[in-house]
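Subject: Structure handover and notes

Dear colleague,

I am handing over the structure we spoke about, together with some notes on what was found in it. Please look through it with the notes beside you.

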Amino acid sequence: MGRTRVGSHAILTLFSICILLFPHNAFSFYLPGVAPEDFQKGDVLNVKVNKLTSIKTQLPYSYYSIPFCSPKTIVDSRENLGEVLRGDRIENSPYVFKMREPQMCNVVCRLKFDAKIAKEFKEKIEDEYRVNMILDNLPLVVPIPRSAQEGPPIYQLGYHVGLKGQYAGSKDEKYFLHNHLSFTVKFHKDELTDSSRIVGFEVTPFSAKHEYDGEWSENTRLTTCDPHAKHTVSSSNSPQEVDDKQEVIFTYDVAFEESEVKWASRWDTYLLMTDDQIHWFSIVNSLMIVLFLSGMVAMIMLRTLYRDISKYNELETQEEAQEETGWKLVHADVFRPPNHPELLCVYVGTGVQFLGVVLVTMVFAVFGFLSPSNRGGLMTAMLFLWVFMGLFAGYTSARLYKMFKGTEWKKIAVQTAFLFPAVVFGIFFVLNALIWGQKSSGAVPFGTMFALVFLWFGISVPLVFVGSYVGFKKPAIENPVKTNKIPRQIPEQPWYMNPIFSILIGGILPFGAVFIELFFILTSIWLNQFYYIFGFLFIVFVILLVTCAEITIVLCYFQLCSEDYLWWWRSYLTSGSSAVYLFLYATFYFFTKLDITKPVSGALYFGYMLIASYAFFVLTGTIGFYACFIFTRLIYSSVKID
């Protein structure tokens, strides 16, 4: 019977791990409301345009911020909170297809460039801006082919506005515009109903200087791109230069290609990782750190508990007894309230709030609820979770505050509700002003800013107060040993137990457990790529929790053995110092992987990474604090004090 239970438990555990490690199985699990749309032959397909993006400037602009061809009336799509914060501006476009009806050389519009328009296009080409479009909720991609050995093509989100180049035999660098787009719409056909579902949206952009005979009119036929003569644009055409007094004709083709890919799996090609081995290496690397630390923690726990039970047998020398009882000697001071207890309570409460947000978001993401088809969903979910987790922040900080014999719970509630959000909002406001100055669509509009302030003041703050009230009404947490009125003198510590040194050493291992995955997250954010390997991320996050807890326990034990009882703040800062390494790594990434040259873009990068590092500090610090808190209570409650 026992074997059957163990066997079924092992199978269940293995099944859970498989679900976590292979998240692409969850790609077919879509949010309620995101239902497939069926198209019959000849149905109108409306292409929408999104922001222009650049990995060089990190400043998004709306599509019509430069004079592309536009429909008679431009209609904005309604964006959710996450989309607005990401700088998405989704609008209608003059590109209209008919389902399964190929088109060739459709003229969109003809423009005459003056010096101002030419300058605008040149600036966008110089900064390597890409045009983003959407069809049936799928983003437009440019397939970049690879050799057969390397596997399927890589997909680049959006196509470049243009490119820089030189004419043969000339050294002068010119700007060329991608004015002909060759679209491919992939569809999956239902044989029974003859309806189709869109499963892919690709483009190959060309620069082509279009020519025609006679005067221009609506019925003018191009000589460079003629559907009647089956003559389409190719890379051999003369390119369209961007310059003053240039005539530019925008055209497009659209082809339809039947695909075996089903609608529920249409995101797989976008999201499948080509370098799973690196993620496995990341996890194995992190597990080695965890095993090493777990061994040390197990050794410490066994040693201390064994010595507590053995009650100093007579064979021990006086020196050994002194060494063993190092941590016991400070029993009357170990639970003495720290300096600035209110601030510690506030930071621990905020860390609990963060932990709740990250855990719930991660679970939802692993099970496919935050699929990329729901643009801005991840950011919206995290914002709302942060607001509602204020309840737990208030409760935790008030409970801890009462344990420190505090009486003014309202003061703690106010500090918990405002300290961290105010710092983040202040940085965000400055960055937003910089973006506004660049006239970028990434600037948060006044209405959205008001909504954020309402979420903070209208929902988060009251919930923090409710949590604080409930937490303070609970009976105070009792310490396992009594505290003396007169504090014990701390003996002189060896150099390696210096607070700054041990705190900085403590942050290395938690950072080491996550830095490989951090590379992929930074690449996703700053190089405009998809990140959807939440299975790996969840495992790495669990490893981070364990590593933070274990390194703090180990260093806390050594500290107590040295008869230094000031562990409250040090336990928080030990694992929290991993945020210092995160910011240093972000700086290294900026100078080695990114091609950002504009001061505003650099300020944006370091501003947002400062917010991320601050949040990481609060999260990891809280994990370390609670690990040490539980550890000290456990060991001091297990020993009899005279």
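This is a predicted model: local features need pLDDT of at least 70, side-chain atom pairs count only at pLDDT 80 or more; totals for chains, interfaces and linings use all residues.

The secondary structure of the protein chain amounts to 16 helices and 13 strands, and of its 642 residues, 50% count as buried. The accessible surface of the protein chain is about 31800 Å², with 63% of that area belonging to carbon and sulfur atoms.

Helix packing

On the side of helix 15 the contact is made by Ser578, Ala579, Leu582, Phe583, Ala586, Thr587, Tyr589, Phe590 and Phe591, which meet Gly602, Tyr605, Phe606, Met609, Leu610, Ser613, Phe616, Phe617 and Thr620 of helix 16. The residues of this contact of helix 15 with helix 16 divide into 13 nonpolar, five polar and no charged.

Helix 16 also packs with helix 14 (residues 568-576), here at an angle of about 135 degrees and with the axes 7 Å apart. Helix 14 and helix 16 are therefore oblique to each other, and their crossing is right-handed. From helix 14, the residues Trp568, Ser571, Tyr572, Leu573, Ser575 and Gly576 meet Phe617, Val618, Thr620, Gly621, Thr622, Gly624, Phe625, Cys628 and Phe629 in helix 16. The residues of the contact of helix 14 with helix 16 comprise eight nonpolar, seven polar and no charged.

What is the angle at which helix 7 and helix 10 pack? Helix 7 (residues 341-366) and helix 10 (residues 409-437) pack at about 55 degrees, and their axes are 9 Å apart, which makes helix 7 oblique to helix 10. The crossing of helix 7 and helix 10 is right-handed. Glu342, Leu343, Cys345, Val346, Tyr347, Thr350 and Phe354 in helix 7 meet Lys411, Ile412, Gln415, Thr416, Leu419 and Phe420 in helix 10, and the residues of this contact of helix 7 with helix 10 divide into eight nonpolar, three polar and two charged.

Individual residues

Strand 3 (residues 103-112) holds Leu111, and it also holds Cys105. Leu111 counts as partly exposed, at 22% relative accessibility, whereas Cys105 is buried, with a relative accessible area of 8%. Leu111 touches Pro67, Gln246, Glu247, Val248 and Phe250, if residues up to four places away in sequence are not counted. One of these residues, Glu247, is 136 residues from Leu111 in sequence, while the C-alpha atoms of the two are 5.9 Å apart in space.

For the backbone, Cys105 has a positive phi of about 55 degrees although it is not a glycine. Asp136, likewise not a glycine, has a positive phi near 50 degrees, and Asp136 lies in the loop between strand 4 (130-135) and strand 5 (138-139).

Cys561 is found in helix 13 (residues 534-561) and counts as partly exposed at 26% relative accessibility. Cys561 and Leu329 are 232 residues apart in sequence, and their C-alpha atoms are 8.7 Å apart.

The C-alpha atoms of Pro599 and Thr57 are separated by 9.2 Å, although the two residues are 542 residues apart along the chain.

Methods
Residues are numbered from 1 along each chain as its sequence is written. Side-chain values use heavy atoms; hydrogens and water are left out. Contact means heavy atoms within 4.5 Å. Helices (H or I, at least four residues) and strands (E, at least two) are DSSP runs, numbered from the N terminus. Ala, Val, Leu, Ile, Met, Phe, Trp, Tyr, Cys and Pro count as nonpolar, Asp, Glu, Lys and Arg as charged, and the others, Gly among them, as polar. Buried means under 20% relative accessible area, exposed over 50%, partly exposed in between (1.4 Å probe, protein chains only). Accessible areas come from the Shrake-Rupley method with a 1.4 Å probe; for residues, only the protein chains shown count as cover. Axes are lines fitted to C-alpha atoms, for helices over the stretch in contact, and angles run from 0 to 180 degrees between N-to-C directions. Angles under 35 degrees count as roughly parallel, over 145 as roughly antiparallel, 65 to 115 as roughly perpendicular and the rest as oblique. A crossing is left-handed if the near helix is turned anticlockwise from the far one by less than a right angle, and right-handed if clockwise.
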